[in-house]
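Biologist: I'm new to reading protein models. Could you walk me through one, a feature at a time?

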Amino acid sequence: MPLTSGRFIGHEQDRGIIQFSMHDGAKEIPCAVSTSAMDDLERGPQTRPEHREAQFTRLRDRIETRAASKYSACEFEGTPPGIVLRSIDFRG
């Protein structure tokens, strides 16, 4: 079953990440994307903290597509296991 969109959880400025979730059926998968990866995707200046949620919304399709690929490849990190996306994940 393919992953589907979940919820926006929040911006953790001190960690430089956006937390969100995706769903594998009824199972919620914790995910995160670095804010530097999002800035790299937009190839512009660093986005201000108060605009991070809007930036995530603009990039959501690309972020979720890559998260689904890492999920399919079982590339989990952390406790509990989840998907973490960095700039390198979007190269190529």
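Biologist: Among contacts in the protein chain between residues at least 6 apart in sequence, what percentage join residues at least 24 apart?

Modeller: Good place to begin, and keep in mind that this is a predicted model. Of those contacts, 37% join residues at least 24 apart.

Biologist: And what pattern does the protein chain follow along the sequence?

Modeller: The order is β-β-β-α-α-β, from two helices and four strands. The radius of gyration is 12 Å, close to the 12 Å that the globule rule gives for 92 residues, so the chain is as compact as a globular protein of that length. Its C-alpha trace spans about 35 × 30 × 20 Å along the principal axes.

Biologist: How do I read a pocket?

Modeller: Rolling a probe the size of a water molecule over the atoms shows where empty space is left. Here, the largest pocket has a volume of about 240 Å³. Lining this pocket are 15 residues, and the closest to its centre are Arg15, Gln19, Pro30, Ala32 and Val84. The lining divides into nine nonpolar, four polar and two charged residues.

Biologist: Which strands each supply at least two residues of that lining?

Modeller: They are β2 (17-24), β3 (27-34) and β4 (83-85).

Biologist: With which side chain does the side chain of Glu42 make a polar contact?

Modeller: With that of Gln55, at 3.0 Å. Beyond four places away in sequence, Glu42 touches Thr47, Gln55, Arg58 and Leu59.

Definitions and conventions. Residues numbered from 1 in each chain as written. Predicted model: local features only at pLDDT ≥ 70, side-chain atom pairs only at ≥ 80, totals over all residues. Heavy atoms only, no water. 1 Å grid on protein atoms, 1.4 Å probe; cavity = no way out; pocket = protein on both sides within 12 Å on 5 of 7 lines; lining within 4 Å. Points joined across faces, edges and corners; volume = space filled by probe spheres on them. Nonpolar A, V, L, I, M, F, W, Y, C, P; charged D, E, K, R; others polar. Contact = heavy atoms within 4.5 Å. Polar contact = N/O pair within 3.5 Å; in protein donor to acceptor, adjacent residues only side chain to side chain. Rg over C-alpha atoms; globule rule 2.2 N^0.38 Å.
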